[in-house]
Amino acid sequence: MCSSCCNAQQEQVRRFEKVCRILDKHQHNPSRLIPILQEVQKEYRYLPEEVMAFIATSLGVSPAKVYGVASFYANFALKPKGKYVIHICEGTACHVKGSGKIKDALFKKLNVTPENNTTPDMLFTVQPVSCLGACGLAPVMTVNEEVHGQVTPEAAMVIIDEIIKKERN
Amino acid sequence: MLTDMQTLELIKQGYDKAVKPIQHRIIICAGTGCVANGSLKVFAALKKEVEANGLTAVVTLEECNEGQIHLSKSGCQGFCQMGPLVTVEPEGILYVKVKAEDAAEIIKTTLIDKSKVERLLYVDPAHGQVCHTQKEIPFYAQQKRIELGDCGYIDPEDIREYIARGGYYAARRAYAKMTAQQVCEEITASGLRGRGGGGFPTGKKWALTLQQKSDKKYVVCNGDEGDPGAFMDRSLMEGNPHRVLEGIMIAGRAIEADFAYVYVRAEYPLAVERVRKAVEDARALGILGADVFGSGMAFDCEVMEGAGAFVCGEETALMASIEGQRGMPRPKPPFPAQSGLWGKPTVINNVETLACVPLIITNGPGWYRECGTQGSPGTKTFALTGHVANTGLIEVPFGSTLRKIVFDIGGGVTDTTGEIDPDAFKAVQIGGPSGGCLINEHLDYPLDFDTVKKIGAMVGSGGLVVMNNKTCMVQIAHFFMRFTQNESCGKCIPCREGTKQMLLLLEQIMEGKATAKTLDTLQTLAEAVQKGSLCGLGKTAPNPVLSTLNYFRHEYEAHIFQKRCPAGACKALAIPEISAELCKGCGFCAKKCPVGAITGERKQPHKIDADKCIRCGACAQACKFNAVAGV
Amino acid sequence: MNTNGTNEPIILNGQPVVINGQKNLLELIRSAGIELPTFCYHSKLSVYGACRLCIVEIDGMGVVTSCSTVPTPGMVVRTHTDQLRKMRRIFLELLLANHHQSCTTCDKSDSCKLQELARQMGVTDVRFPSIPKDMQADTSSPSLVRDPNKCILCGDCVRACSEIQGIGAIDFAGRGATTVVAPAFNKDLGEVDCVNCGLCASVCPTGAIVPKSEIEDVWKAVNDPNVTVVAQIAPAVRVALGEMFGLEPGVATTGRIVAALKKIGFDKVFDTSFAADLTVLEEATEFIERKTLGKKLPLFTSCCPGWVKYAEQYYPELLPNLSSCRSPQQMFGSLAKTTLPDQLKVKPEQLYVVSIMPCTAKKFEAKRPEFRGPAGADVDAVLTTQELGKMIKQAGIQFHKLTPESLDMPMGFKTGAGVIFGTTGGVSEAVLRYAHEKLTGTRLENPDFTDVRGNTGILSKTLRIGDIYLKLAIVHSLSNARKIADQVKAGNCDYDLIEVMACPGGCVAGAGQPVSEGGEVVQQRAKGLYEADKTLQLHKSQDNPYIQQCYQTTLEKPGSHKAHEMLHTEYNSRKRLCGSAINLSEGSGDGKLNVSVCVGTGCYLRGSQTLLTQLLDTAHTKGIDDKLHIKATFCFEACTKGPTVKVGDTIIEKCDLKTATREIDSQLKVRV
C-alpha cells in the first residue's frame, strides 16, 4: 500500500486508501498534481478539502498551492456536483443562436444561480461553459456526456422534465 | 514489434486481404455532431438490417472474415448540420439526416436493389439540384480537403486502416532515412506555418529547437482548442488521431526529442479517448517505443487531459499546466525552444499543424506549395458557423476568398428565421476572441495569414462566425470581451483589470449610459492592453473591440449619441412599441405591466409610455398576438 | 544566450551604457541611475513579469518588460517615451479603479508604493469606473492583518513565502478577475502553516498584508495611572528606527529611543540585549553540556520564533535538538514579571511589559500559552519598530530634537555580545565568546569571531577552540533552514551548533522594521550593530555584572533548576493546518441531527443519489426536516458496501431508506 503517506495519522491512511493508490501510481510526483486531482475527483466526484490537504502533505507541497491549482481550473469541483451535470455552451456560435435564453431558462427552472449551481437534492448542476466544440449544432447543451444540439429553451425544459420524471419513478 | 522495414507493408497486406471479400462499406459519421443527432442508433439499425437481409455485417476487419458488408464509424465529416451522414461505398452515395427508421429502406434500396433512396439525398437549396455523392454537394465540391480528407472516411480506432492508406510511412522515412536537419529543412521548404494563431513558420521553430544542446527535449502537441467557435482540432483528434500522432513523431525526430505530451482539452472526452487509443495501438505495434523503425531512437508519448482553462492554449501556460502548476503564462523570452518544459528545449505545435506534417514528408514540400499562397502555403480548415446556411467544418486553400467560403461553400447568409437572405451579410468574425471582423469590402480579399493580419484581424485557429444585419457589433465585442475577461488568468494588470474595464465600458454603451468620452477611453485602454499585456491572450483580447470600433464606429456612436441600437438588438435602447395593426385591445398587457406604462381603451390599440417602461418584457409575454416589440 | 562578454554597450535613451554582467535589463537601467517603477520585481525573487510597469521600448522588439529581458550588446532602449508613460499611467489607473481607496486611513499610507507611483507617474484622475472589492479582512493571525481589498496581485508575498521561506502558506487562488492571494482553502492566516515571519508584509507594496498593530493597547496601558509600563528594546530596533525620522540606516539611536519612550509615558526602559546576555549563558551551558557529555547534537538555536514554529510544523522529530532556551524576549518577560514587582513596588498584575521588536513573529511568541504566568502573559504587548515610530509621531515627539537618555538599570545593562544578536551570525558569535573561555579556561583577548559574520545563506565553519573542534552552521531564511534540517534528519552532517534566523539577514531585516528596499539597508543596520559592540565597554555576556548578580539573587547558576523553570521551555509538534484531521462527528452546531449521504462514485453507482432524494422527501412528509441536517458528503471509502449513510455518529453501510429512517427515528427519540 501507500508507503510514504503512512507517517500521517493511521486514521487518515485508512480513510484515504484510494488517494494513496492514486498517489502511488503517480510516484508521488508533484508535477503530476493535475492528473492526480483529476483521478481523485473521478473517485470522490469532487475535491474535498481534507483530501486536498492530504495530497499536499503527501506530495510535499503546500496545501495553499494545491488549492491554488484546484481553484484555477474550471473542471475541478470544490463542492459536490449533482447527478446530472448540465453544460450549456456559451461559445460564439451558440451565443449568436441564443444560448443565453436557454441558460436563463435552466437557472430559473432549477432555481439555481451561477454561484450556487447545484440543486439542493443534488440532482442537477448547471454550468455554463465557454465552448463545447460542437458549433455546427449550435446552440448546444450536454447532460453528463450526452450532447443535445439545436436546443431551444422549451426543448431544454422537456429534457429536464424527463430526467425528473425518470428519477421520481 | 515493428523493428524491420517491412512490417508496415505486412500490415497493409493483411488489411487488404481482409478488405477483399467486402462488397460494400457503409460509413456512418460518428463525429460529435452526428452522434448528438443519433448516428449511433442509425449504426445499430443498419447493422440489424444488413443481417435481416441475409448479408454478413463486419464491424472489425479480420483477415479471416467472410463478411460482405463493412460497417464503420468515421470521425467528423464536417457537414454537421445535415447529420447523421451515411455514405455507401464504393458508389459514394451520401445520405443526409438519416434516422434509424430509414435503415431498412437504405439497405434494401441501395444494397439489394442497387438503387438510391432519393428522399435521403441532399438537395442544394439554392438550385434545387439533387446531389448523389459527396462530390456533387456544393459544400464539399468547393473545398480542398487535404488535412481533413481521411477524417470522414477511415475508422479512427483502427491503426491498420491508417497504415493501409499509407500511414506511418512518413514517420518511417523520417526516422530511418532522414537526418533531423533534413526533416527541419523539408518542413521549412514547405512553408508550413503554425495553425494555433500566430502563424510562425514551423520549420524555423524546429530548427531553432534542434540547435539547442540538451540531454532532454520535448514535443508538446497543443490540443487545448479553446476558441469558442472552432473545432477543427477536435475533429482531427477524433477523426484521424494517427495522423496527428505521426506528425508528433516526426516533430520529435526533427528536434531529437524522445518524449511528447499531447495536451487535450477536457471538454473533448472522445478526443482524449481516441488519441489515448492511438498511442496505445502504436505502442503495441512498436511504432512508439525504444527503437523507432529500427533507427535506434526512442520515442514515446503521453496524453494529458486539460482541466478547463482557456489560457492553457497559450504555450507557456500550457507548459505550466503540464508541470502541475496554475496555468499562468510567463514572459517570453526565453522561448520554449530555449527553455520549455522543466527548463528543457521544447517544441509546441498545434494539432492541425502537426497533422499536415506527415503529408509534407510523404509528398514533398513542392506538392504542399501547389495550393495556397506564397506566404501561406497549403490549406486551412475553418469552422464555419453563425448565420450561414451550411454550417460545419471546411477546408480550403489559403488565399481563397471570404465570398467563396460564405456564399459558395456556406450557401449564403441567413436571416433570423434561418432563411437565406442575399442582402443580410454584415460581417464575419474571424479568429475567435483574438481575432477581428471582416466586412463587405473584404469579401474578395485572399484569406491568408498576412492579409488578415493587415486588416486588423487574425486567422487564429480558424473560427469563422458569419453575422447577419440583425447582429449588434457592440454586443459582439461585448460577447468576446466577456469571454476573455472570464478566461483571463489574472496575472498581469492590463489583461486582468483592462478586460474588466473594457467590459464595463461596453456595457455602458449598450445601456445607453456612455458619453463621448467613453469611446476615447475605450480605444486608449484597448490599445494599452494590446501592447502591454503579458501573453498572447491579453495582447489579442482587445482585437474584437478595436476591429469593431474601426469598421462599425457609427454603430457605437449611434448607441452613445442617439441612444439607438441600429441592429435593434440592445434591449436597454429598444423603443417599446405596440403594433396598432396587431393589437386587438384585449388589455392583457396593461394588466401585466408592473409599472402601469400601458394604456388604452378596450378593443382599441394600446400604447406604451417609453419613459415609464422598465423593459421587463411581461407585456410581450402576455400578448397573444405578438403585437409588442422592443421590450 | 549570454552575450555579456563583449564590451559593446546598449544604447539607453541615446546614451551608451555598458552591460557589465547585469542579469536583466531592469537591473542594468537602474544601475545606470534610471529608476523604473515596478511592483512585482524583487532582486531576490524569481522574475514574474505581471505588473508591466517596467516596460521599455526596444528597437526591433517593441514594448517589452525590462525585468524579463536579457540585455544584449547594441540593444537600443528607451524608457520614457510618450507611449510608455501613457501605458504606465493607464495601468496605475486600472489598479486604482479596483482598489479600496481608503488611503488616508490605511496603515501603509506613508509607505505605500501604489500611492507613491501614482503620484510619480502623474495620475491625477482615474478615467475608469470604480469597481470596489468587498472582502473581509483577515485578523486571525496574532502577527499580521491581511486585507484582500488592497491587494494588487503582484504576487511578491506568494513568491517570498515559497521561494525564500520555502513554506507557501499563501498562494493565488481562483482565476482571472476573482483571483485572490489566500491561505489554503481560503482559511484564515491564523489557521494555517504561516510562521508569522512577516516577509510577505515586508515585500507587500500596498497595505494588503501589514503587521498587526498593538499601538492602541499600549497607549491604553501607558495612560492608565494604575499600570506600570516597562519596555524592552531589541538590538535591531536601535539601528533602524532612525530611518523613519530621516536618519541613515545603521545609526544607533538608543538614547533617543529611551527619551521618546519616557516622553510617551513608559515608566522604565530596559534592553532586550540584557536578556540576550542571559540567553548566551544558558544556551552555551546547554551546548557545552551536550557537547562534552556526548548528548544530542547538533543544537539548533531557538531565539527566532519563526524558526521555532517552522520546526514544530515540519520537523517535529528534530525538536529535541532545539535549544530549550526561551528567546531573549521571553527570558526578559519572565524575569521582569518575577523580579520587577518587588523592585518597583507594584503588584504583578499592574506591571505591563512591552517589547519593541523588529519582528512580527514575536507577537505570536508573546501569545504562546507556555509563556503565561500567574500574572498573565510574560510579555503583554509587542510593538514593531514601525509601530514605535508611529507612536512617537502620534505623541508629537520631534525625534531629531531629543536629548538621549540612559536605559534603566539593572536590565538596561548589556555587553556587545547581547547587541550583535540582531544580525545573522550574532548569536553564534556571542555563544562562542562564552564557550571559548569556558572550554579553554583562558581569557579571550580578541572577542571578534569574524569567521561567522557575513551574509551567506548557509555559512558553514569549523572552528578550533583549545583542542576541541566545533562545526557550526549559520543559516538564515527558512528555505535554507530546510536544507540543513533535511541533512540533519538524514544523518549526513556532523554540525555541533546551528543558528537559524527566519529573516534573510537576521533580525535587522525583520518584518517589523521600517519599509526598505534592497540589501544594502540591511547590511548597514548590521554594521551599526557591530559598531555598537565596538563602542561598548564589555563584549562578553559572562562579563555582564548584572547578569552575575541576577544569578546570585534569583537564578542560582546557568542551567540550574530555577533557571530552567524561568528561562527554558518545551516544544510541541504542530499540525500544519487547523481542522485538516478528519472530524468524524462534524456537528452543525444548531442542534440538528446530521445525516450525511455519501455521493462518492461507489455509493453513487449503488443508488445513493436516489436515497438522498428519498430521505429529503421522507423528512418533508414526516414534517421532521427542521430537526435534520441532511447533506451529501464525500466518500466514506466503504464503497463495496455502499450506499453509506451517516446518521449522527453512526455509519450505516449498505443503507436503504428503511434502515436510514429507522436509525433517524431512534436517534431523534433519544434526543427528545
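How many residues of chain A are in contact with chain B, and how many residues of chain B with chain A? The legends below describe close-up views of a predicted model, starting with this interface.

**Figure 1. The contact between chain A and chain B.** In the predicted model, 33 residues of chain A are in contact with 44 residues of chain B. On the chain A side, α3 (33-44), α5 (63-72), α6 (92-96) and β4 (146-148) each supply at least two residues. The chain A residues that touch chain B divide into 19 nonpolar, twelve polar and two charged.

**Figure 2. Chain B as a whole.** Chain B contains 25 helices and 20 strands. Its C-alpha atoms fill a box of roughly 90 × 65 × 40 Å along the principal axes. Buried residues make up 58% of the 631 residues in chain B. Of the contacts in chain B with a separation of 6 or more, 70% join residues 24 or more positions apart.

**Figure 3. Strand β8 of chain B and its two partners, β9 and β11.** Strand β8 of chain B covers residues 218-223, and six of the six are buried, so the strand is largely enclosed by the rest of the structure. In a regular strand the side chains alternate between the two faces of the sheet. In β8(B), B:Y218, B:V220 and B:N222 lie on one side and B:V219, B:C221 and B:G223 on the other, and both faces are covered. Strand β11 (residues 346-350) of chain B pairs with β8(B) in the parallel sense over five bridges, and B:Y218 has B:T346 as its bridge partner there. Strand β9 (residues 259-264) of chain B also runs parallel to β8(B), joined to it by six bridges. Within that pairing, B:V219 stands opposite B:A260.

**Figure 4. An open five-stranded sheet in chain B.** The strand order is β2-β3-β1-β4-β5, and the pairing is mixed. Strands β2 (57-58) and β5 (93-95) of chain B form the edges, each pairing on one side only. Strands of a sheet pair through backbone hydrogen bonds, either parallel or antiparallel. Here β1 (residues 24-29) and β4 (residues 86-89) of chain B are antiparallel, with four bridges between them. One bridge of this sheet places B:I26 with B:V88 of β4(B).

**Figure 5. The four-stranded sheet of chain A and the helix across it.** This open sheet has the order β2-β1-β3-β4 and mixed pairing. Its edge strands are β2 (124-129) and β4 of chain A, each of which pairs on one side only. From one strand to the next the twist averages 20°. Strand β1 (residues 84-89) of chain A runs antiparallel to strand β3 (residues 141-143) of chain A, and three bridges join them. The bridge partner of A:H87 in β3(A) is A:T142. Helix α7(A) lies across β1, β2 and β3 of chain A and runs at about 150° to β1(A).

**Figure 6. Packing of helices α7 and α8 in chain A.** Helix α7 (residues 99-110) and helix α8 (residues 153-168) of chain A pack at an angle of about 35°, and their axes are 9 Å apart. The crossing of α7(A) and α8(A) is right-handed. Helix α7(A) contributes A:K101, A:I102, A:A105, A:L106 and A:K109 to the contact, while α8(A) contributes A:P153, A:A156, A:M157 and A:I160. These contact residues divide into seven nonpolar, no polar and two charged.

Figure 7. Most residues other than glycine have a negative phi, and most peptide bonds are trans. A cis peptide bond joins B:K332 to B:P333, with omega about -5°. The bond from B:P333 to B:P334 is also cis, with omega near 0°.

**Figure 8. A:H28, a non-glycine residue with positive phi.** Phi of A:H28 is about 55°. A:H28 lies in the loop between α2 (17-25) and α3 of chain A. A:H28 counts as partly exposed because it has 18 C-beta neighbours inside 10 Å.

Conventions. Residues are numbered from 1 along each chain as its sequence is written. Chains are lettered from A and ligands numbered from 1 in the order in which they are written. This is a predicted model: local features need pLDDT of at least 70, side-chain atom pairs count only at pLDDT 80 or more; totals for chains, interfaces and linings use all residues. Two strands pair if DSSP finds at least two bridges between them. Axes are lines fitted to C-alpha atoms, for helices over the stretch in contact, and angles run from 0 to 180 degrees between N-to-C directions. A crossing is left-handed if the near helix is turned anticlockwise from the far one by less than a right angle, and right-handed if clockwise. Two residues are in contact if their C-beta atoms, placed from the backbone, lie within 7 Å. Ala, Val, Leu, Ile, Met, Phe, Trp, Tyr, Cys and Pro count as nonpolar, Asp, Glu, Lys and Arg as charged, and the others, Gly among them, as polar. A residue is buried if 20 or more other C-beta atoms lie within 10 Å of its own, exposed if 12 or fewer, and partly exposed in between; C-beta atoms are placed from the backbone.
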